[in-house]
Amino acid sequence: MGARVRSWKASPVAAGAAAFVTAAAVFAGMAVAVPLRGSTVLVVAWCVLCSGGVGVAAWRLGPLFGVPLALSAAVAIDSFYIPPYRSFDSTDWVNYLVTAMYIAIGVFVGAILETTQRRATTSEIARGKLADEQAALRRVATLVSQGATPEEVFAVVAREMRSLLRADVTRVIRFEPDGTATLVGGTGADDRPGPLGPVEPGLAAAEVLRTGRTARVDDYRGISSELVARWFGAARPWPAAVGSPVVVAGSLWGAIVVGSVNGPLPAETEIRVAEFTELLAIAIANASSRAELAASRARVVVAGDQARRRFERNLHDGVQQRLVSVALRLRRIQKRLPGEQDEVSAALSQTVHELNQATEEVREIAQGIHPAILTQGGLAPALRTLALRSPVPVEVVADSEERLPEPVEVAAYYVAAEALTNAAKHAGASRARVRLERGDGLVRLHVSDDGVGGADPSTGTGLIGIRDRVEALGGSLEVRSPRGKGTVLDVALPVAAAADRPQVSG
Amino acid sequence: MPIRCLIVDDSAQFAQVAAELLGEEGIEVLGVAAGGDDAVRLARDLRPDVALVDIDLGEETGLAVARRLRDGEHGGLARAVILISTHAEEEFAELIAASPAVGFLAKGELSADAIEALLRHPARELAE
């Protein structure tokens with residue numbers, strides 16, 4: 001139907017004339033076939049044939065042909081075949097005029113019907129397009145609200161836009177500070193993310209970059225084929241394209257470029273692309289604020305740990321060394337005392353003893369601030385040492401003695417310490433088990449006990465604290481603690497990610 | 001014949017007091033090294049009977065230094081290593097046991113008698 005609508009649209013006058021001539025030919029045929037009217041059977045068959053012909057014309061050619069044909073056939077049958085007959089006197093010009101008038105009215109009515117029908121169809125298509133667009137936007141919006149990664153959103157936006165706009169290629173492009181661009185998503189051609197090189201003048205993206213507005217390039221023939229191939233994959237022949245800016249937090253982040261190999265894209269493309277770019281901008285802004293939040297959370301945790309470690313070091317290198325040195329010095333003095341100074345010697349002994357107690361207290365404090373064995377020996381020895389100190393017997397199984405990034409070791413250590421403390425203090429466990437596994441860029445720590453269970457990770461500062469610590473490093477914590485059936489803690493910490501995190505200096 | 005001793009400690013204050021104390025108690029303190037490289041160089045020149053190695057040497061761990069002094073050529077640069085620390089022995093029990101040191105002394109307990117006792121009856125052998 002599309003082709004016929006276009007030809008009708010192309011020349012309504014020609015189409016009307018064709019309908020008029022066809023209807024006149026039918027009327028003339030009826031007039032010529034008048035001798036057949038002697039036989040009733042033939043007349044009935046003739047009427048059926050005419051009705052069928054009119055029906056087919058209306059169906060295949062539309063009301064523009066259907067209405068004048070029906071009118072001329074009805075007038076002819078009524079005049080020539082149904083008594084009282086009226087003959088068509090071919091010498092009287094009035095007969096031609098009246099007949100022409102009938103057919104003209106038919107063409108006129110047919111044209112009106114045709115126009116009405118076409119408008120209805122067009123608006124129905126538009127409604128369908130709108131519904132498709134709404135559905136596509138909704139899918140993207142849902143994805144964005146679910147916190148999908150920008151990469152996922154890029155891919156889905158590229159796919160939805162390509163099918164919605166019937167484009168051949170879609171490109172999601174990020175502008176880099178050095179004037180180049182990076183492909184971050186796309187469909188329709190080679191769409192592996194990667195650098196696209198400088199944003200050369202003439203590309204739709206270059207116009208977007210220059211003006212910050214939507215840009216259209218309907219002919220890429222002025223641009224080198226190598227450049228077009230790089231930006232549009234292997235698309236041939238030269239595409240036409242529409243580029244739309246992606247503005248994140250007030251600054252131009254990148255562009256979506258839609259390309260077509262079959263000539264210019266429809267006029268409404270710009271508006272429709274713009275709706276997607278807005279969603280894309282939201283997704284990017286969301287992801288970047290989430291990433292910033294996660295990074296700042298990790299920095300807070302790491303900074304806290306480093307402060308504790310520094311504090312422990314200062315105690316160790318300063319106060320503890322000095323206390324021990326003073327104790328040794330007092331012992332030297334004591335040794336030098338002449339034999340008769342027993343009272344002084346006893347007092348010195350008492351002082352040394354108290355000094356050693358003070359040293360011990362400081363040592364305990366330092367140990368609580370940051371366990372030295374974690375620094376000296378790593379996670380596995382630290383866990384075994386922790387187990388030795390636990391009032392509940394603990395079995396430690398470590399499948400790796402390898403050193404891990406400090407934030408990971410510290411987090412895992414505190415998780416185990418908290419779990420073992422809970423096992424002894426609250427769960428009344430008779431034994432506990434710690435398992436340390438390494439693999440897939442993850443460290444898994446598994447702590448279980450046979451205590452009373454019923455631990456709720458959402459209450460009690462201990463578990464909340466370790467959850468915060470684990471999640472800040474991008475890890476996960478799972479607590480299973482059915483009442484009466486012990487407690488199991490599963491922690492997974494990403495190792496690579498933690499190692500990549502910026503260390504807080506100082 | 002006095003015991004010839006090398007002290008490896010990054011706390012100059014403690015090393016000095018320890019050297020004085022041990023000297024008075026009849027141990028010949030050959031020198032003080034602040035880090036692993038110093039310790040290895042001094043031990044190669046002086047061949048001490050015992051090296052007192054602080055477990056926590058700041059950037060280095062004394063456990064690695066102990067291995068460098070005991071492993072390697074000619075059966076070790078020092079005839080024996082004793083680990084010392086302001087930390088308690090149980091904090092590092094596993095690491096001490098795994099090290100080639102003959103034993104551990106808390107810094108506050110340091111004395112010629114304690115060193116001689118450990119050299120006569122190494123904690124490692126007792127443990128085995």
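In helix α10 of chain A, the residues A:Thr359, A:Arg363 and A:Ala366 are buried. The cover over the buried residues of α10(A) includes α9 of chain A. The model is predicted, and the mean pLDDT of chain A is 84.

**Helix α10 of chain A**
- α10(A) has 28 residues, which at 1.5 Å a residue should span 40 Å; the C-alpha atoms at its ends are 41 Å apart, so the two values agree.
- In an α-helix there are 3.6 residues a turn, so residues three or four places apart point the same way.
- The buried residues of α10(A) include A:Thr359, A:Arg363 and A:Ala366.

**Helices α6 and α9 of chain A**
- Helix α6 of chain A covers residues 150-165, and its axis comes within 10 Å of the axis of α9(A).
- The two axes cross at roughly 170 degrees; angles over 145 degrees count as roughly antiparallel, and α6(A) and α9(A) are therefore roughly antiparallel to each other.
- On the α6(A) side, the residues that meet α9(A) are A:Pro150, A:Val153, A:Val157, A:Met161 and A:Leu165.
- On the α9(A) side, they meet A:Thr269, A:Arg272, A:Val273, A:Phe276, A:Leu280, A:Ala283, A:Ile284 and A:Ala287.
- By class, this contact of α6(A) with α9(A) has eleven nonpolar, one polar and one charged residues.

**Contact between chains A and B**
- Chain A gives 25 residues to the contact and chain B gives 24 residues.
- On the side of chain A that touches chain B, two or more residues come from each of α9 (269-336), α10 (342-369), α11 (372-377) and α12 (379-389).
- α9(A) gives the most to this side of chain A, with 13 residues.
- By class, the side of chain A that touches chain B has seven nonpolar, ten polar and eight charged residues.

**Make-up of chain B**
- Chain B contains six helices and seven strands.
- Read from the N terminus, the elements of chain B follow the order β-α-β-α-β-β-β-α-β-α-β-α-α.
- Of the 128 residues in chain B, 48% are buried.
- Counting contacts in chain B between residues at least 6 apart in sequence, 58% join residues at least 24 apart.

**Two residues with positive phi**
- Most residues other than glycine have a negative phi.
- A:Asp440 is not a glycine, yet has a positive phi of about 50 degrees.
- A:Asp440 sits in the loop between β8 (432-439) and β9 (442-449) of chain A, and it counts as exposed because it has 10 C-beta neighbours inside 10 Å.
- B:Arg47, also not a glycine, has a positive phi of about 45 degrees.
- B:Arg47 lies in the loop between α2 (36-46) and β3 (50-54) of chain B, and its 15 C-beta neighbours inside 10 Å make it count as partly exposed.

**Confidence in chain A**
- In chain A, 94% of the residues reach a pLDDT of 70 or more.
- Residues 1-5 of chain A have a pLDDT below 50, and beyond near neighbours in sequence this stretch has one contact in the model.
- Residues 497-506 of chain A also have a pLDDT below 50, and beyond near neighbours in sequence this stretch has 15 contacts in the model.
- Where pLDDT is low, predicted coordinates should not be read in detail.

Note on methods. Residues numbered from 1 in each chain as written. Chains lettered and ligands numbered in written order. Predicted model: local features only at pLDDT ≥ 70, side-chain atom pairs only at ≥ 80, totals over all residues. Helix = DSSP H or I, 4+ residues; strand = E, 2+ residues; numbered from the N terminus. Buried ≥ 20, exposed ≤ 12 C-beta atoms within 10 Å, placed from the backbone. Contact = placed C-beta atoms within 7 Å. Nonpolar A, V, L, I, M, F, W, Y, C, P; charged D, E, K, R; others polar. Expected span 1.5 Å × (residues − 1). Axes fitted to C-alpha atoms, helices over the stretch in contact; angles between N-to-C directions. Parallel < 35°, antiparallel > 145°, perpendicular 65-115°, else oblique. pLDDT = per-residue confidence, 0-100.
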